[in-house]
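Hi everyone, thanks for coming.

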Amino acid sequence: MLETLTEIHIFAQPERLKQLRYVIHETTRQVGFQPQEQDNIVLAVDEACSNIIRHAYHNAPDQEIRLTIFRNDHALIFQLQDDAPCADIAKVLPRDPEEVRPGGLGLYFIHQIMDETAYLECGESGNTLQMIKYLKP
Amino acid sequence: MSFPIEEKSGYAVVYLSGEVDLSRSPEARKAILSCLRKKVNLLVDLSAVAYIDSSGIACLVEGYQISRKRKIDFALVGVSDNAMNVLRLARLDQVFPIYPSFAARLSGGM
């Protein structure tokens with residue numbers, strides 16, 4: 001059974017991410033993740049939001065990010081929605097961790113931390129990125 | 001809000017603190033680059049960093065790369081548990097010189 005745990009809308013501004021991180025932290029804590037996993041999940045979702053701000057919205061401050069967190073018996077599911085033009089999925093690849101350079105770590109963190117990551121929608125009505133973290137048995 | 005910089009024993013020490021995220025990493029970058037422009041040996045103190053994201057890590061990587069080109073000493077000191085976790089995730093804990101404290105760096109101890 002799928003349960004909606006929380007829905008939050010923020011302006012796509014870097015200063016707003018702290019609020020989102022707090023909500024994610026609380027949700028993962030209440031669901032029972034260990035502190036280290038809580039921190040990692042916060043990081044992954046935060047990185048995805050940063051990517052929306054920088055790459056989808058090109059730092060436009062008046063756009064919106066919508067986060068919905070669901071839970072089922074097996075996982076916590078994060079869906080991030082934006083209203084930007086369709087992301088070029090072919091270009092959305094994590095970098096090689098052996099490569100030491102300033103950029104490109106965000107996607108790497110997302111893929112390292114989350115168990116599943118996929119774009120559910122990519123079209124005229126914006127993008128929906130879904131990230132799934134399995135609950136421990 | 002800028003991050004404080006202290007000069008001591010031939011080093012500039014940039015004290016990062018709090019949540020070094022997309023909103024604050026530009027200030028972190030500014031602080032680090034300002035020291036490197038002066039060609040001063042640089043230590044970045046992460047003991048008070050509660051959170052750091054990839055944009056914060058990118059500042060450290062950029063600083064490290066510039067320091068190597070200019071043959072300037074660069075190291076991280078007092079890395080908080082949270083910051084170390086992110087450095088490990090990025091596999092950068094084996095790339096940066098890391099010391100438990102400023103004193104440890106001066107004495108050359110790990």
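Predicted model: local features only at pLDDT ≥ 70, side-chain atom pairs only at ≥ 80, totals over all residues.

Let's begin with chain A. It contains three helices and five strands. If you trace the chain from its N terminus, the elements come in the order β-α-α-β-β-α-β-β. Of its 137 residues, 48% count as buried. And how much of the contact in chain A, at a separation of 6 or more, comes from residues 24 or more positions apart? The share is 61%.

Setting aside residues up to four places away in sequence, A:Gly126 touches A:Asp82, A:Asp83, A:Ala84 and A:Glu121. Now look for A:Tyr108, which is 18 residues from A:Gly126 along the chain. The C-alpha atoms of these two are separated by 23 Å.

Next, the cores. The largest nonpolar core has 73 residues. Those with the most contacts inside it come from both chains: A:Val45, A:Phe78 and A:Leu80, along with B:Leu16, B:Leu60, B:Leu76 and B:Phe96. Which element gives the most to this core? That is α2 of chain A, with nine residues. Another core, of eight residues, lies apart from it, and B:Tyr11, B:Val13, B:Ala75 and B:Tyr99 are among its members.

Let me stay with A:Leu80 for a moment. Beyond its neighbours within four places in sequence, A:Leu80 has contacts that include A:Val45, A:Ala48, A:Cys49 and A:Ile52, as well as A:Leu129 and A:Met131.

On to the aromatic rings. Over all chains there are five aromatic pairs. In one of them, B:Tyr64 and B:Phe96, the ring centres are 5.4 Å apart and the planes meet at 65°, so this pair is edge-to-face. B:Tyr64 sits in helix α2 of chain B, while B:Phe96 is in the loop between α3 and β5 of that chain, so the pair ties together parts that are 32 residues apart in sequence. Are these two buried or exposed? Both B:Tyr64 and B:Phe96 are buried. Ring pairs also bring in B:Phe74, which forms a cluster with B:Tyr64 and B:Phe96.

Now for helix α3 of chain B. Its buried residues include B:Ala83, B:Met84, B:Asn85 and B:Leu89. The cover over the buried residues of this helix includes parts of both chains: α2 and α3 from chain A, and β3, α2, β4 and β5 from chain B. Just after the helix, B:Arg91 takes a positive phi of about 60°.

From the chain A side, look at A:Asn40, which belongs to helix α2 of chain A. A:Asn40 has 15% relative accessibility and therefore counts as buried, the cut-off being under 20%. Leaving out neighbours within four places in sequence, A:Asn40 is in contact with A:Ile113, B:Asn85 and B:Leu89.

Last stop: the second largest pocket, with about 280 Å³ of space. Which residues lie nearest its centre? They are A:His25, A:Asp39, A:Val42, B:Ala50 and B:Tyr51, out of 17 lining residues. By class, the lining has seven nonpolar, five polar and five charged residues. Helices α1 and α2 of chain A, and β3 and α3 of chain B, each supply at least two lining residues.

That's my tour, and I'm happy to take questions.

Terms used
Residues numbered from 1 in each chain as written. Chains lettered and ligands numbered in written order. Heavy atoms only, no water. 1 Å grid on protein atoms, 1.4 Å probe; cavity = no way out; pocket = protein on both sides within 12 Å on 5 of 7 lines; lining within 4 Å. Points joined across faces, edges and corners; volume = space filled by probe spheres on them. Helix = DSSP H or I, 4+ residues; strand = E, 2+ residues; numbered from the N terminus. Nonpolar A, V, L, I, M, F, W, Y, C, P; charged D, E, K, R; others polar. Buried < 20%, exposed > 50% of the residue type's maximum accessible area, 1.4 Å probe, protein only. Contact = heavy atoms within 4.5 Å. Core = buried A, V, L, I, M, F, W, Y, C linked by side-chain atoms within 4.5 Å. Phe/Tyr/Trp six-rings, centres within 6.5 Å; stacked < 30°, edge-to-face > 60°.
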